[in-house]
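Hi everyone, thanks for making time for this. I'd like to walk you through one structure today, so please have the picture open while I talk.

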Amino acid sequence: MKSDPKDTPGPLGLSRYQWRVLIAAWLGWGLNIFCALLFNYVAALCLPDLLGLSESDPAFKGTIAQWTGYLTAELLLGWAIGGIIFGKLTDRIGRTRTLVFTMITYSLATGACALAPNIWTLAILRAVASLGIGGEWAAGASLVAETVPDEKRVLSGSLLYTSSPLGLLLATWVTDLVLSKIGATAGDPTLAWRVVFATGLVPILAAIWVARTVKEPTEWKPAEQSGLVRELFTPELRKTSIGALAMSGLSLVTWWTYSAFIPTIARFLADDVVPLPPPGELAQLKVAFATRASALFNFSGFVGTLLTIPAAIYLGRRLMFVSYFAVSSALLWCAFALPLDPHTRISVLGLSGLTVFGIFGAFPFYLPELYPMRLRGTGAGFTYNTGRVLTAVGPFVVGEIARAGVDPVAVLQWVAIVPVVSIGFVLGGFVRETRGQDLAALEALGENISVQK
């Protein structure tokens, strides 16, 4: 039974309670992304402040790109660790309990970044936040998959992920509001970036609501033993897990290596405008460029996320992945390899979110389709988050190359190769087609693995 039989149907065939569960997971993930990416929006302000750098320093751009890469890599490593730990925990103590605990963790740690006195304290607080950020996904995705009807799984999974681009749009709006009111107008960038981090405390209110109104799925039972990672690589699941790891990891490499630098690169592009405006106007233009590029990227991602619904239903999972990866590669190459003026380059940067960002609308419904209930949290958490270990290398390498004096725009054009590698895994048969699959059919597989282990 997916919900209380007395619950009346609502929009799109989901009951009121199923909508409540979807909204709970939607808030958890959207606010998760909001907290995770606040640093990217204020990196160009907080890093010079905490490192004692001046924009007149010849090494300014390279150093900022370097530390942006370092702290993004740290976030991703913590994200991976949190995803694995809390993915196992969600199979033991429950989806809702884990969801609430991870939301409180990433919210408190992000808000505390506002008080960071130095770069090392900021790094520690970001590491703590990353654990909660990584753990939220498996809990939310499993909660939704086990609450809604099977025929609504694609719809619900894609709707769940729309919170990601909207969470980033919220981060863009909050940052733009604070920087325009405090940073640019009042001339106090130190207070501005600290206020931005302080907004990370907002998710605590959502966590309280989730704890009070959302129950564990009626079909969920505490696993007597946490799902073991080695069970994901038994003969029955080995190829499936390798494919899930590859799709998640390579998609994340593309997104993070690219998106982590969008606000910073957009600010740098303002320096290439001809004619160059006076210093006061240039500062305003940098904020406008960063806001425009980020907002367009996030809005495109929102559209691309919704498009995974018809793509998954009518094309199937495999062809959907191939289509998104092919377009991602083409857009990324155009964004960085073509000789474009600053305004046009920002537009192309933003439009690439259609597929680079949009593809993630597939993972909330695809990964839970791969594993039986006993391994669902472990499998989804491990495959989606372990790829972040590999992903952490991307921003780190870009930052190191930029520190050596190479233009980050010239480096990022090579990210277009990553989606091509992803297509190879799909065509190599590692991505299982799950269109029309009933989740209940996986339970026999889970019991077989349990007997054999």
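I'll begin with the whole chain and then visit a few places in it.

Please keep in mind that this is a predicted model. The chain has 20 helices and zero strands. Of its 453 residues, 60% are buried. If we take contacts between residues at least 6 apart in sequence, 84% of them join residues at least 24 apart.

Now let's go inside. Which residues touch the most other members of the largest nonpolar core? They are Leu 122, Trp 137 and Phe 321, in a core of 129 residues. Helix α1, residues 16-51, supplies the largest share of this core, with 21 residues.

Let's stay with Phe 321 for a moment. Not counting residues up to four places away in sequence, Phe 321 touches Met 247, Ile 359, Ala 362, Phe 363, Tyr 366, Val 426 and Val 431.

Remember Val 426 from that list, as our next stop is helix α19, which covers residues 417-427. The buried residues in α19 are Val 418, Pro 419, Ser 422, Ile 423 and Val 426. Looking down the axis of α19, you find these buried residues within an arc of 150°, so they line one face of the helix. Their cover includes α9 (238-259) and α12 (317-337). Just after α19 comes Gly 429, with a positive phi of about 85°.

Next, is Ser 294 buried or exposed? Its relative accessibility is 3%, and buried means under 20%, so Ser 294 counts as buried. You'll find Ser 294 in helix α11, residues 279-315. Leaving out neighbours within four places in sequence, Ser 294 is in contact with Tyr 41, Thr 172, Ile 262 and Pro 263. Take Tyr 41 from that group: Ser 294 and Tyr 41 are 253 residues apart in sequence, but 8.9 Å apart in space, C-alpha to C-alpha.

Last stop, the surface. In soluble globular proteins, nonpolar side chains tend to be buried together. Here, though, Leu 390, Val 393, Phe 396, Val 397 and Ile 401 form a nonpolar patch on the surface. Together they have about 390 Å² of accessible area. Which helix gives the most to this patch? That's α17, residues 393-403, with four residues. Leu 390 lies in helix α16, residues 373-391.

That's my tour, and I'm happy to go back to any of these places with you.

Definitions and conventions
Residues numbered from 1 in each chain as written. Predicted model: local features only at pLDDT ≥ 70, side-chain atom pairs only at ≥ 80, totals over all residues. Heavy atoms only, no water. Buried < 20%, exposed > 50% of the residue type's maximum accessible area, 1.4 Å probe, protein only. Helix = DSSP H or I, 4+ residues; strand = E, 2+ residues; numbered from the N terminus. Arc of directions from axis to C-beta. Contact = heavy atoms within 4.5 Å. Patch = residues over 30% accessible without salt bridge, like charges linked within 9 Å, V, L, I, M, F, W, Y side chains within 5 Å. Areas by Shrake-Rupley, 256 points an atom, 1.4 Å probe, with all protein chains shown as cover. Salt bridge = Lys/Arg side-chain N within 4 Å of Asp/Glu carboxyl O. Core = buried A, V, L, I, M, F, W, Y, C linked by side-chain atoms within 4.5 Å.
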